[in-house]
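Please brief me on this structure.

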Amino acid sequence: MTLAVHTEGLSRRFDGVTALDGLNLAVPTGSIFGFLGPNGAGKTTTIRLLLGLLEPSSGNAVVLGRDVRRESQAIREQVGVLLDSDGLYERLTARQNLDFFARVARLSKGERDARIRALLEEIDLWDRRDDPVADFSRGMKQKLALARAFLHRPSLLFLDEPTAGLDTPAAVGLRSELVSLAREEGVTVFLTTHNLLEAERVCDRVAVIRQGKLLAEGPPEAIRGGGKRKLEVTATGIRPALVARLMNTPEVIGADVDSEGRLILALADGAETAPLIRLMVETGVEVSEARIAEASLEETFLALVDEDLNGRSRVESASGEHPR
Amino acid sequence: MRDIIVVAGKELREIVGAGGGRKGLVRELLFIGIFGLLFPLTQVEAWLSGGVPAAFALMVPLFLVGPHVADSFAGERERGTLETLLATRLPDRSIYFGKILAVCGYAWAVTLLIILASLLALNFGADVSGRGGSPTAGSGESEFFVYPAFVWVAWGVGSIASGLLLASIGTFVSLRSKTVRGAHQAMMIPLFVVILGGSFGIPALFRSLPPSTQERFTELLESMPAVSVVLWAVGGLFVIDLVLLGLGARLFRRDRLISD
Ligand SMILES: Nc1ncnc2c1ncn2[C@@H]1O[C@H](COP(=O)(O)OP(=O)(O)O)[C@@H](O)[C@H]1O
Ligand SMILES: [Mg+2]
């Protein structure tokens, strides 16, 4: 098995913040690899490191057989990207956008025209080819940016949360375009997401990352093995700082607040709950009810990857301590 | 080199606004109207002598380059295109010089349009028959006035030299600005420094010289053909440009652009 991406102890610190902490990753060539984690987990930082847009603080990474520190230029030559923002020039038309990137990739005139037409037809934007991108919906822009990523037939694709901000039909459409193009062209895909279902639907392998650390790696079915149980806590006085502390215990792999204001803790396999309750009580939380339940697959991962996990808003509003 | 041209081509398309940039063209027309038609017609004498158009050929590019160079990196950052551009195979230098080439080429072309417009204005809008300058070998009475050679030199290379000056300074500003607005505001400072420095600083420097040196210098200038004077001035500008561009190209590194 050859590896498209291989990292060893890859780390990156921004003064004070450790965005990525000793990442060991192996992405098999030809796979669609999901890099799953909540906001701020370090997904974008990882992609930037792999593209040579950021220097690693320590550790190593090899992409397509090339070292990210010394050969990033060669890496960028062979990869396609759809980053955080779509990267399209709004003042230019769909065709002008693709044409620019095709020229950058040094495709000949004939190749450019044929490839641009084929891709625009594939994503149903051929009729809108001469409209400025500024007039496009977000879904159309993402599709166009996806086409741009495939333009020069890269052997590896980096997609940073490609469906974030899309409504469900647009996200479904984009995913199916992605899967069919990836299979057709036989590229390796490295895709970040905070959406478990997305990872399950499109990925052969998944790695879960939180706070810069790798939590689990494997086929999606294997990942969902962990965290089958959850602890539902009805209590008052839960503060964000406490949630953060709970998250840092080995027993807890995810936290969330449900619609009734209960704190939901996704538990690691075989985790004891007593230390968690004790921690809560010690910090002044009044626990009125705590019960262990089977977590649905979705709940487990919602807790694990939910956007608000570290963001305070839901916990704060639920605890009633910090009204806004 | 090919990469530089590809980047410059994209930039020019954005500047001239294929698709959505009608507002941009209004600015160009306004410039041409004011500098190319209004001014020559209100100050015919000064324009015919060639002094004013030569000075404008050096100054107008500053105003043309300013806003676009401010936009060059800050705009890509604000509109979320910078990182994707940096993730391409393009070498750092091609991106940097491509952007500079685009704004300077654009300023050069618009300045030419202004000069051509002023010629039309002078020839058809003012009575210039039998005036100085160097008339072309038109046949007989309907001679078409064109500027003396030094005006064309000032446009041909001088507009590029001054455009490069502001463009190279401007990329520093643009690279450091988080927003386009901020970049535009920050650009006012180098613009004023360059303009005030050119129009007051150099004369002041001259006056600070000992009188004997001043005299010798004046004599020297007067003994030289106007074209040589322009060429010397432009040459000096180019030296400054080269230093600034070298510095800019050295500082422009993609891994620095993302981390802050
Ligand atoms: N340029 C930067 N300067 C300082 N901190 C950063 C920078 N980029 C990312 N971070 C921090 O690193 C962590 C990971 O960020 P990121 O990789 O963007 O996460 P994700 O993409 O998973 O949402 C966050 O805490 C973020 O605040
Ligand atoms: Mg991100």
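The briefing below goes from chain A as a whole to single residues.

This is a predicted model: local features need pLDDT of at least 70, side-chain atom pairs count only at pLDDT 80 or more, and totals for chains, interfaces and linings use all residues. Residues are numbered from 1 along each chain as its sequence is written, chains are lettered from A and ligands numbered from 1 in the order in which they are written, and side-chain values use heavy atoms, without hydrogens and water.

**Chain A overall**
- Chain A has twelve helices and 14 strands. Helices (H or I, at least four residues) and strands (E, at least two) are DSSP runs, numbered from the N terminus.
- Of its 324 residues, 53% count as buried. Buried means under 20% relative accessible area, exposed over 50%, and partly exposed in between (1.4 Å probe, protein chains only).
- Chain A exposes about 13600 Å², and carbon and sulfur atoms supply 46% of that area. Accessible areas come from the Shrake-Rupley method with a 1.4 Å probe; for residues, only the protein chains shown count as cover.

**A sheet in chain A**
- Four strands of chain A form an open, antiparallel sheet in the order 12-13-11-14. Two strands pair if DSSP finds at least two bridges between them.
- Strand 12 (252–257) and strand 14 (286–294) of chain A are the edge strands, and each pairs on one side only.
- Neighbouring strands of this sheet are turned by 20° against each other on average, direction ignored. Axes are lines fitted to C-alpha atoms, for helices over the stretch in contact, and angles run from 0 to 180 degrees between N-to-C directions.
- Strand 11 (residues 229–236) and strand 13 (residues 263–267) of chain A run antiparallel and are joined by four bridges. A:Glu232 has A:Ile264 in strand 13 as its bridge partner.
- Helix 10 (residues 274–282) of chain A packs on the sheet and touches strands 11, 12, 13 and 14 of chain A. Contact means heavy atoms within 4.5 Å.

**A:Val68**
- A:Val68 lies in the loop between strand 5 (66–67) and helix 2 (72–78) of chain A.
- A:Val68 counts as buried because its relative accessibility is 5%.
- Not counting residues up to four places away in sequence, A:Val68 touches several residues, among them A:Leu49, A:Pro56 and A:Ile75.
- A:Val68 and A:Leu50 are 18 residues apart in sequence and 6.1 Å apart in space, C-alpha to C-alpha.

**B:Met188**
- B:Met188 sits in helix 8 (residues 180–208) of chain B.
- B:Met188 counts as partly exposed because its relative accessibility is 41%.
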